[in-house]
Amino acid sequence: MELILQLFLSFAKVGLFCIGGGYASLPLIQEEVVTRFAWMSMNEFVDIFTISQMTPGPIGINAATFVGSKVAGIPGSVAATAGFVFPSVVIVLLLGYLYYRYGSVGPIRGVLNALRPAVVALIANAGIGILLLALWNCEEAPVSLAQTDWPGVFIFVVSLAAIRCKFGTIKTLAASGVLALILFLALGITPP
């Protein structure tokens with residue numbers, strides 16, 4: 001029961017401070033799950049993030065559900081998901097009321113505009129951490145060319161180009177999976 005409460009409180013803390021949506025919550029989830037409680041390794045966390053990307057629904061809620069399930073089964077997934085959602089529901093109700101009532105006031109507008117760069121920084125931090133792990137199998141810089149996963153770099157560049165050309169997220173994910181399979185089967189290239 002203590003673990004269930006710990007999951008609820010950890011994800012409630014993440015839900016309380018994850019301004020900017022699911023991607024902005026990733027560094028906070030990582031801090032709780034990998035660093036603070038060591039419920040899983042960084043590799044497991046990246047796997048959870050990947051699964052959360054592929055399943056329907058918001059990424060933060062999906063990650064909370066998967067982490068809770070891995071740590072404490074179904075009760076853990078319910079506790080983590082409820083913890084993640086609870087602060088958001090309360091905050092949205094409160095902010096909705098305040099915005100409806102005072103949204104045109106200058107200082108409120110200023111606070112909302114000031115939060116945007118912080119959200120971009122949170123998302124960029126999560127992206128860089130995942131990029132380092134995906135292409136160099138390390139959690140922080142510096143990286144070396146010897147550690148580089150060149151097939152991964154190739155798939156990353158092709159996927160980035162496909163997204164920039166508006167190929168579509170689902171098509172890009174499917175194509176990158178097929179490309180990785182071709183590299184593995186036809187060329188015998190395996191990830192490091």
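**Figure 1. Arginine 36 and glutamate 32 share helix 2, where four residues, about one turn of the helix, separate them.** Helices are DSSP runs of H or I with at least four residues, strands are runs of E with at least two, and both are numbered from the N terminus. The model is predicted, so local features need pLDDT of at least 70 and side-chain atom pairs pLDDT 80 or more, while totals for chains, interfaces and linings use all residues. Residues are numbered from 1 along each chain as its sequence is written, and side-chain values use heavy atoms, without hydrogens or water. The side chains of arginine 36 and glutamate 32 form a salt bridge with an N to O distance of 3.2 Å; the term means a side-chain nitrogen of Lys or Arg within 4 Å of a carboxyl oxygen of Asp or Glu.

**Figure 2. Lys13, Glu32 and Arg36 belong to a network of salt bridges.** Glutamate 32 is also paired with lysine 13, and their closest N and O atoms are 2.7 Å apart. This pair joins distant parts of the chain, since glutamate 32 lies in helix 2 and lysine 13 in helix 1, 19 residues apart. Glutamate 32 has a relative accessibility of 4% and therefore counts as buried, a word used for under 20% relative accessible area, with exposed for over 50% and partly exposed in between (1.4 Å probe, protein chains only). Lysine 13, at 36% relative accessibility, counts as partly exposed.

**Figure 3. A salt bridge joins lysine 70 to glutamate 44.** The closest N and O atoms of this pair are 3.4 Å apart. Lysine 70 is partly exposed at 43% relative accessibility, and glutamate 44 is partly exposed with a relative accessible area of 30%. In the whole structure, the search finds three salt bridges.

**Figure 4. Ile19, Leu94, Leu95, Tyr97, Leu98, Tyr99, Tyr102, Val105, Ile108, Val111, Leu112 and Leu115 make a nonpolar surface patch of about 1,000 Å².** Patch residues have over 30% relative accessible area and no salt bridge; like charges are joined within 9 Å, and nonpolar side chains (Val, Leu, Ile, Met, Phe, Trp, Tyr) within 5 Å. Areas follow the Shrake-Rupley method with a 1.4 Å probe, and for residues only the protein chains shown count as cover. Helix 4 (59-102) and helix 5 (106-136) each contribute at least two residues to the patch, and the largest share, six residues, comes from helix 4. Isoleucine 19 sits in the loop between helix 1 (2-17) and helix 2 (22-36). With a relative accessible area of 42%, isoleucine 19 is partly exposed.

**Figure 5. The largest pocket has a volume of about 1,600 Å³.** On a 1 Å grid over the protein atoms alone, a pocket is an open set of points where a 1.4 Å probe fits, with protein on both sides within 12 Å along at least five of seven lines; lining residues have an atom within 4 Å of a point. Its volume is the space filled by probe spheres set on the points, which are joined across faces, edges and corners. The lining holds 38 residues, and Thr50, Ile130, Ala134, Phe156 and Leu173 are those nearest the centre of the pocket. At least two lining residues come from each of helix 2, helix 3 (42-54), helix 5, helix 6 (150-164) and helix 7 (169-185). The lining comprises 24 nonpolar, 12 polar and two charged residues; Ala, Val, Leu, Ile, Met, Phe, Trp, Tyr, Cys and Pro count as nonpolar, Asp, Glu, Lys and Arg as charged, and the others, Gly among them, as polar.

**Figure 6. The second largest pocket has a volume of about 640 Å³.** It is lined by 25 residues, of which Ile19, Ile91, Leu95, Leu112 and Leu115 are the closest to its centre. Helix 1, helix 4 and helix 5 each give at least two residues to this lining, and helix 4 gives the most, with 10 residues. By type, the lining of the second largest pocket has 17 nonpolar, six polar and two charged residues.

**Figure 7. Alanine 38 and lysine 166 are residues other than glycine with a positive phi.** For alanine 38, phi is near 50°. Alanine 38 is placed in the loop between helix 2 and helix 3, and its relative accessible area of 55% makes it exposed. For lysine 166, phi is about 60°. Lysine 166 is found in the loop between helix 6 and helix 7, and it is exposed, with a relative accessible area of 74%.
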